[in-house]
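I opened this model to look up its fold, its core and a few loop residues. My notes follow in the order in which I looked.

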Amino acid sequence: MRDAILSETVHPVKTHDHDPATGHLRPPGREFKARGSFVERCSGCNLPRLNCLCPYRVTARSVARFWLLTHPLEHHKPTNTGRLIGDVLGTTEVFTWYRTVPDSRLLALLEDERYAPFIIFPDDQPDYADRVVGREAVEDAKIQRRIPVFIILDGTWRQARRIFRKSPYLDGLPVLPLATQRLTRYRLRKPASSAHLCTAEVAAELLRQTGDDAAAAVLDDYFDAFNDSYAASRTHHKLERPTVAMQRLLQRKERAF
Ligand SMILES: [Zn+2]
């Protein structure tokens, strides 16, 4: 059948391009599409092919690491920014959170003395105030030659709270609130407040605040490239030229070769 369509003998106008009610030709590509469902996506970056992110993917190194504990409903959302952290920092670990069955690999890592894990979470509730630490605890970990690890609960605000409250294996860990004046630049979902940062922004801010400035800059640029590429594709608009952040990533990629 495929060959028949390609052969010269098939009439270029196929019957399903006609409106069955009127017999008139349908304008091409005008039928309504549910958001995202029929968009052709790149298998590399999972973004719509129109503005693929792959050319801008660059890696960086950092002292601190990230372990993401991702809510199952968040995992496959193409607008999830947690995966951008793993693209930039190869040491990133991603675990799916299930309320009843903790990930055994995560449990083993939590026992590993080489790492100093911190849960990134706000300090707005009194019942765990005794676990709250400041950035100096990250410095102390480095002095003790342990690798600081930021555990980010990746999901909506509600989901993150649920993960925090319903994961007994996290109960002994220090809680590091992210203190920042930064406002979100995320354009793909409407935040409840512009002070609510998305996962990649939280990671970039943590890197910057704890001395991994170069990695923070790369992640920020990569996040901006993702944001701009995705937002443009939503309006079926192809970016004419790389944005400033994209240009910096391309230059970095050139220098790496
Ligand atoms: Zn791609």
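The entries below go from the whole chain to single residues.

**Ground rules.** I number residues from 1 along each chain as its sequence is written. The model is predicted, so I take local features only at pLDDT of at least 70 and side-chain atom pairs only at pLDDT 80 or more, while totals for chains, interfaces and linings use all residues.

**Whole chain.** I listed 8 helices and 5 strands in the protein chain. Helices (H or I, at least four residues) and strands (E, at least two) are DSSP runs, numbered from the N terminus. Read from the N terminus, the order is α-β-α-β-α-β-α-β-α-β-α-α-α. I then looked up burial: 31% of the 257 residues count as buried. A residue is buried if 20 or more other C-beta atoms lie within 10 Å of its own, exposed if 12 or fewer, and partly exposed in between, with C-beta atoms placed from the backbone. For contacts between residues at least 6 apart in sequence, I noted that 71% join residues at least 24 apart. Two residues are in contact if their C-beta atoms, placed from the backbone, lie within 7 Å.

**Core.** The largest nonpolar core has 52 residues, and Ile85, Ala203, Leu219 and Tyr222 have the most contacts inside it. Such a core is a set of buried Ala, Val, Leu, Ile, Met, Phe, Trp, Tyr and Cys residues joined through C-beta atoms within 7 Å. Its largest share, 9 residues, comes from α7.

**Helix α6.** Is α6 (residues 199–209) buried or exposed? It is largely enclosed by the rest of the structure, because 8 of its 11 residues are buried. Among those buried are Glu201, Ala203 and Leu207. I found β1, α2, β3 (115–120), β4 (147–154) and α7 among the elements that cover them. Glycine 211, with a positive phi near 95°, follows α6.

**α7 against α8.** Helix α7 (residues 213–234) packs on helix α8 (residues 244–256) at an angle of about 125°, with the axes 8 Å apart. That makes α7 oblique to α8. Angles under 35 degrees count as roughly parallel, over 145 as roughly antiparallel, 65 to 115 as roughly perpendicular and the rest as oblique. On the α7 side I noted Val218, Asp221, Tyr222, Asp224 and Ala225, and on the α8 side Ala245, Met246, Arg248, Leu249 and Arg252. These contact residues divide into 6 nonpolar, no polar and 4 charged.

Asparagine 46 has a phi near 65° and lies in the loop between α1 (2–6) and β1 (65–70). It counts as partly exposed, because it has 15 C-beta neighbours inside 10 Å. Histidine 236 has a phi near 55° and sits in the loop between α7 and α8. With 10 C-beta neighbours inside 10 Å, histidine 236 counts as exposed.

**Threonine 92.** I placed threonine 92 in the loop between α2 (82–88) and β2 (93–96). Its C-alpha atom is 5.0 Å from that of phenylalanine 66, 26 residues away along the chain. Beyond neighbours within four places in sequence, threonine 92 is in contact with Arg65, Phe66, Leu68, Ile85 and Gly86. With 19 other C-beta atoms within 10 Å, threonine 92 is partly exposed.

Definitions and conventions
Axes are lines fitted to C-alpha atoms, for helices over the stretch in contact, and angles run from 0 to 180 degrees between N-to-C directions. Ala, Val, Leu, Ile, Met, Phe, Trp, Tyr, Cys and Pro count as nonpolar, Asp, Glu, Lys and Arg as charged, and the others, Gly among them, as polar.
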